[in-house]
Amino acid sequence: MEEYLPLIIQLISGAVGGNLAAKLLPKLNLGTLGNSISGILGGGLGGYLLGMLNLGTDGGMDVSGIIGSIAGGGVGGGVIMAIVGAIKGAISK
C-alpha cells in the first residue's frame, strides 16, 4: 500500500489543482467534473514526469516526498486542465 500512496496523493492534488486553475482562469473552465478528470490525469502525469527527472518525487513518504507529490500533482493538474480548456475553447470558436 505504501508504494501507491504517492500516486494517490498526486491524483488527489491533481484534481484540486485542476479545480483551482479553473477558478483562476474562468475562460478555460470545464465544469467541476471536467476540471477534476483533467486534473487527475495531469496529476498522475506531472508526478510521473517529476519522478523521471528526479525532482522531488522519489516515492518516499518523508516530508519532502509528500510535498513533492503534492506539488507535482497540483501543478500537473492545473497545466493539463488549462491545456484541455484552451483546446476546447479553440474548437468551439
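User: Why does valine 16 count as exposed?

Analyst: Exposed means over 50% relative accessible area, buried under 20%, and partly exposed in between, with a 1.4 Å probe and protein chains only. Valine 16 has 53% relative accessibility, and therefore counts as exposed. The model is predicted: local features need pLDDT of at least 70 and side-chain atom pairs count only at pLDDT 80 or more, whereas totals for chains, interfaces and linings use all residues. Residues are numbered from 1 along each chain as its sequence is written, and side-chain values use heavy atoms, with hydrogens and water left out.

User: Where does valine 16 lie, and what makes that element a helix?

Analyst: Valine 16 lies in helix H1. Helices are DSSP runs (H or I, at least four residues), as strands are (E, at least two), and both are numbered from the N terminus. H1 covers residues 5–24 and also holds isoleucine 12.

User: Why is isoleucine 12 called exposed?

Analyst: The relative accessible area of isoleucine 12 is 54%, so this residue is exposed. Isoleucine 12 and Val16 belong to a nonpolar surface patch that also takes in Met1, Tyr4, Leu5, Leu7 and Ile8. Together these residues have about 690 Å² of accessible area.

User: What makes a group of residues a patch?

Analyst: Its members have over 30% relative accessible area and no salt bridge. Nonpolar side chains (Val, Leu, Ile, Met, Phe, Trp, Tyr) are joined within 5 Å, and like charges within 9 Å. A salt bridge is a side-chain nitrogen of Lys or Arg within 4 Å of a carboxyl oxygen of Asp or Glu. The areas come from the Shrake-Rupley method with a 1.4 Å probe, and for residues only the protein chains shown count as cover.

User: Which residues of H1 are buried, and what do they pack against?

Analyst: The buried residues of H1 are Pro6, Ile9, Gln10, Ser13, Gly14, Ala15, Gly17, Gly18, Ala21 and Ala22. They pack against helix H2 (31–52) and helix H3 (63–92), where contact means heavy atoms within 4.5 Å.

User: How do you know that the span of H2 agrees with its number of residues?

Analyst: The expected span is 1.5 Å times one less than the number of residues. The 22 residues of H2 should therefore span 32 Å, and the end C-alpha atoms are 31 Å apart, which agrees. H1, with 20 residues, reaches 28 Å, close to the 28 Å expected. H3, with 30 residues, reaches 43 Å, close to the 44 Å expected.

User: Why does asparagine 35 count as buried, and which residues does it touch?

Analyst: Asparagine 35 has 2% relative accessibility, and so counts as buried. Its place is in helix H2. Leaving aside neighbours within four places in sequence, asparagine 35 is in contact with Gly18, Asn19, Ala22, Asn29, Leu30 and Met81.

User: What makes a pair of atoms a polar contact, and what does the side chain of asparagine 35 reach?

Analyst: A polar contact is a pair of N or O atoms within 3.5 Å; within protein, one must be able to donate a hydrogen and the other to accept it, and residues adjacent in sequence count only if both atoms are side-chain atoms. The side chain of asparagine 35 reaches the backbone nitrogen of leucine 30 at 3.0 Å.

User: Why does serine 36 count as buried?

Analyst: With 18% relative accessibility, serine 36 counts as buried. The side chain of serine 36 reaches the backbone oxygen of threonine 32 at 2.9 Å. Beyond its neighbours within four places in sequence, serine 36 is in contact with Ala15 and Asn19.

User: What covers the buried residues of H2 and of H3?

Analyst: The cover of H2 includes H1 and H3, and that of H3 includes H1 and H2. Among the buried residues of H2 are Gly39, Gly42 and Gly43; those of H3 include Gly72, Gly73 and Gly76.

User: Why does valine 84 count as partly exposed?

Analyst: Valine 84, in helix H3, has 36% relative accessibility, and therefore counts as partly exposed. The C-alpha atoms of valine 84 and serine 38 are separated by 7.4 Å, although the residues are 46 apart along the chain. Glycine 34, in helix H2, is likewise partly exposed, with a relative accessible area of 23%. The C-alpha atoms of glycine 34 and valine 84 are separated by 9.4 Å.

User: Why does tyrosine 48 count as exposed?

Analyst: Tyrosine 48, in helix H2, has 53% relative accessibility, and so counts as exposed.
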